[in-house]
Amino acid sequence: MRNLTADDFSERRKEMVNVQLMCRDIYSEKVIGAFLAVKRELFLPEDSRKYAYEDFPVSIGFGQTISQPYIVALMTQAADVFERAKILEIGSGSGYQSAILEYMGADVYSVERIQGLKELAEQNCRKAGFTKVKFKLGDGSLGWTEHAPYDIVIVTAAAPHIPKKLMIQIKENGRIVIPVGDPAVQDLLLVRKINNNIVEEKICGCRFVPLIGEDAWER
Ligand code: SAM
């Protein structure tokens, strides 16, 4: 098969947005704009770039995956990202979700537990022109206290429950988008802190790699 060109990727990107996002339930113009703009092929290993716009998760090494575009879009839409929102992402992985959030004008703090992936996410973001995200190596189940409180927390790995410190580190009227359940299958939740009450809404069923940490699954 011939190598794919920038034009091929651009065509595939538009088709992905039409077929996988807009024909489903992604209606936010800001989200659609970001998915049209960010070059997902730059966040995949060289030999998997041909899958950049396919409707399935792709391996990024270290036993981890980049979620399918639709799930990233759904989480981003549910988070209701706004200009200058302070966002904590747990699970940097390839850096793609961070890049989408930076494109949307958010101030992004991203925590990753695997050194090689933290470095990969940093490199990928830089290569794609996203230079403002702050990355940290650590256990995201404990949040990132230094920069708290956050408007939004997006957890991109499956937790057994909502980690307590994440709940503490969001602002009043803040929200967390997080997959919660057992390791095989989870519910994607939108959790809001309203007048110090916690309001949970189920978005859909999902399957993520496990969140491993002190207030999550054991290794
Ligand atoms: N958001 C990523 C992207 O756009 O490519 C995909 C993330 S992948 C589905 C989940 C990531 O969560 C993995 O990179 C994994 O190493 C990371 N992870 C798991 N437990 C973690 C923890 N306690 N703290 C930080 N990262 C964690």
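This is a predicted model: local features need pLDDT of at least 70, side-chain atom pairs count only at pLDDT 80 or more; totals for chains, interfaces and linings use all residues.

Me: Which residues come nearest to the ligand?
Reply: The shell around the ligand holds 28 residues, where a residue belongs if one of its heavy atoms lies within 4 Å. Those that come nearest are G91, S94, E112, G140 and I212.

Me: Which residue places a polar side-chain atom 2.6 Å from an oxygen atom of the ligand?
Reply: Polar contacts are pairs of N or O atoms within 3.5 Å. D139 has a polar side-chain atom 3.0 Å from a ligand atom, but that atom is a nitrogen. At I212 it is a backbone N or O atom that lies 2.6 Å from a ligand nitrogen atom. The side chain that lies 2.6 Å from a ligand oxygen atom belongs to E112.

Me: What share of the area that the ligand exposes when taken alone does the protein bury?
Reply: Taken alone, the ligand exposes 600 Å². Of that area, the protein buries 99%.

Me: Which element gives the most residues to the shell around the ligand?
Reply: At least two shell residues come from each of β2 (64-66), β3 (86-90), α4 (96-103) and β4 (107-112). With three residues, the element that gives the most is β2.

Me: How many residues of the shell around the ligand are charged?
Reply: By class, 11 residues of this shell are nonpolar and 13 are polar. The number of charged residues in the shell is four.

Me: What is the volume of the pocket whose space the ligand takes?
Reply: The ligand takes the space of the largest pocket. The volume of the largest pocket is about 580 Å³.

Me: Which of the residues lining the largest pocket are closest to its centre?
Reply: The lining of this pocket has 38 residues, of which 18 are nonpolar, 15 polar and five charged. Closest to the centre are T65, T156, A157, F208 and V209.

Me: How many charged residues are in the lining of the second largest pocket?
Reply: The second largest pocket has a volume of about 190 Å³. Its lining comprises 10 residues, and N3, L4, E46, R49 and K50 are the closest to its centre. By class, three lining residues are nonpolar and two are polar, while the number of charged ones is five.

Me: Where does N173, which has a positive phi, lie?
Reply: N173 is not a glycine, yet its phi is positive, at about 70°. This residue lies in strand β7, residues 170-181.

Me: Where is the place of N196, which also has a positive phi?
Reply: The phi of N196 is about 65°, a positive value although the residue is not a glycine. The place of N196 is the loop between β8 (186-194) and β9.

Key: Residues are numbered from 1 along each chain as its sequence is written. Side-chain values use heavy atoms; hydrogens and water are left out. A polar contact is a pair of N or O atoms within 3.5 Å; within protein, one must be able to donate a hydrogen and the other to accept it, and residues adjacent in sequence count only if both atoms are side-chain atoms. Accessible areas come from the Shrake-Rupley method with a 1.4 Å probe; for residues, only the protein chains shown count as cover. On a 1 Å grid over the protein atoms alone, a cavity is a set of points where a 1.4 Å probe fits but cannot get out, and a pocket is an open set with protein on both sides within 12 Å along at least five of seven lines; lining residues have an atom within 4 Å of a point. A molecule sits in a cavity or pocket if more than half of its atoms lie within 2 Å of its grid points. Helices (H or I, at least four residues) and strands (E, at least two) are DSSP runs, numbered from the N terminus. Ala, Val, Leu, Ile, Met, Phe, Trp, Tyr, Cys and Pro count as nonpolar, Asp, Glu, Lys and Arg as charged, and the others, Gly among them, as polar. Grid points are joined across faces, edges and corners, and a volume is the space filled by probe spheres set on the points.
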